[in-house]
Amino acid sequence: MRVESKLADLEIELPETPHPMANYVPAVTTGNLVFISGHGPTRPGGTFITGKVGRDLTIEEGYEAARVTMLNCLSTLKAEIGDLDRVRRIVKLFGMVNCTEEFTEPPAVINGASDLLVAIFGDAGRHARSAVGMHALPRSIAVEIEMVVEIA
Amino acid sequence: MRVESKLADLEIELPETPHPMANYVPAVTTGNLVFISGHGPTRPGGTFITGKVGRDLTIEEGYEAARVTMLNCLSTLKAEIGDLDRVRRIVKLFGMVNCTEEFTEPPAVINGASDLLVAIFGDAGRHARSAVGMHALPRSIAVEIEMVVEIA
Amino acid sequence: MRVESKLADLEIELPETPHPMANYVPAVTTGNLVFISGHGPTRPGGTFITGKVGRDLTIEEGYEAARVTMLNCLSTLKAEIGDLDRVRRIVKLFGMVNCTEEFTEPPAVINGASDLLVAIFGDAGRHARSAVGMHALPRSIAVEIEMVVEIA
């Protein structure tokens, strides 16, 4: 339980596994790859962090939304694979930031997710990614992230 | 021909395999994964369902566009793998909705594709996905979907 | 060194391997798939091609930005796998064009990347893809592309 004790060191408690908004599943495993559905910044209690970065939220608030989003992704990942020590590599993130057309810093926002992954998984958490600005996300959530994970 | 008879039960006829808009191919198979290019809601005859959901189209019309888009994806999939019974799992959808900035229901639109997959493939059709709102899609199509499929 | 000599024939010199903008890595290999992070049109010297196609850039300028972006992707790919002759197939591109809401030709822009891949790799360069219009990209870059490559 190496990852679990790392989570405890970092005083991170994973949230309840979020429920999909519609007719799909939170994750699908094919071979040793897990595809995680797009997740949003659901807070404990079930409300979302909403709004556009650059208008309703600062970069720092967006960063926090990306961190919360990743906690939800990891909760789903744990439910899918049973034990986070099975993670061999975080392969790829697609990070989407709900933002104004003028906003040029989606990478600084998605770092909220990336920094968390590296803090928890170390080198195995270092991933490929894209971080881009979106026009409209479901229910006006501030951030949505999907990812691909390699497991043992 | 289990899937074909299911299609007949549902009175679904797959459209002609759509032609890519540019210098790419409709699908690439690597190992037992098939990557399907972004497809749009091409109608029989070759016209597209166009416009922005939330302005030019209702959610219901967007849902229908997503369903038509998935029929096109499945036509491409069948051309790629020969027999839809080889589908072991629909792994992942990335569903993009051409919509206004205020539109918050991309998931309700992309359900038009997801519901069809579950109707045809049952549990093997239950997939991971993201459903997001886009600024501008090729030729103003209302919906674009790309997907990853695991085959036997 | 088949690909290298093709590059020489085409008088193409790959740029310096670009540095990620934030806390991620340019590429991750899992099994025989390489996931390449979103890259932008970094020019030799480190400046970017920026702006919105349909307002600040013509389609032709966007096409050139997509070509430059792909050169950067290939530089990263070469750094990741050592020798471009290991490429068995370019599997999938996700091509994002920073554009106005009215712009309907993202495919014509992303062809700048697709045409280059086919010129260099021949049939192995023929890929699945999506080409879509984006609201906001990091640092206002004109094009961002991520890709999946199968290697031997």
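Visitor: Which strands does α2(C) lie across?
Guide: This is a predicted model. In it, α2(C) lies across β1, β2, β3 (87–98) and β5 of chain C. The helix runs at about 40° to β5(C).

Visitor: And α3(C), which strands does that one lie across?
Guide: α3(C) lies across β3, β4 and β5 of chain C. Its angle to β3(C) is about 160°.

Visitor: At what angle do the axes of α2 and α3 of chain C cross?
Guide: Roughly 40°. The axes of α2 (residues 59–81) and α3 (residues 106–121) of chain C come within 7 Å. That angle makes α2(C) oblique to α3(C).

Visitor: Is the crossing left-handed or right-handed?
Guide: α2(C) passes α3(C) in a right-handed crossing.

Visitor: Which residues meet there?
Guide: From α2(C), they include Ile59(C), Ala65(C) and Met70(C). From α3(C), Val109(C), Ile110(C) and Leu116(C) are among them. The residues of this contact divide into 11 nonpolar, 4 polar and 2 charged.

Visitor: Back to the strands. What order do they have in the sheet?
Guide: The order is β1-β2-β5-β3-β4 in chain C. It is an open sheet of 5 strands, with mixed pairing.

Visitor: Which are the edge strands?
Guide: β1 (27–30) and β4 (128–134) of chain C. Each pairs on one side only. From one strand to the next, the twist averages 15°.

Visitor: How many bridges join β2 to β5 in chain C?
Guide: There are 5 bridges between β2 (residues 33–39) and β5 (residues 143–151) of chain C. These two strands run antiparallel. For one residue pair, look at Ile36(C): its bridge partner in β5(C) is Met147(C).

Visitor: Why do the copies meet through different surfaces?
Guide: Because only 9% of the interface residues of chain C are also interface residues in chain A.

Visitor: How many residues do chains B and A put into their contact?
Guide: Chain B gives 27 residues and chain A gives 22 residues. On the chain B side, β3 (87–98), α3 (106–121), β4 (128–134) and β5 (143–151) each supply at least two residues. That side divides into 13 nonpolar, 7 polar and 7 charged residues.

Notes:
Residues numbered from 1 in each chain as written. Chains lettered and ligands numbered in written order. Predicted model: local features only at pLDDT ≥ 70, side-chain atom pairs only at ≥ 80, totals over all residues. Axes fitted to C-alpha atoms, helices over the stretch in contact; angles between N-to-C directions. Helix = DSSP H or I, 4+ residues; strand = E, 2+ residues; numbered from the N terminus. Parallel < 35°, antiparallel > 145°, perpendicular 65-115°, else oblique. Left-handed = near helix turned anticlockwise from the far one by under 90°. Contact = placed C-beta atoms within 7 Å. Nonpolar A, V, L, I, M, F, W, Y, C, P; charged D, E, K, R; others polar. Pairing = 2+ DSSP bridges.
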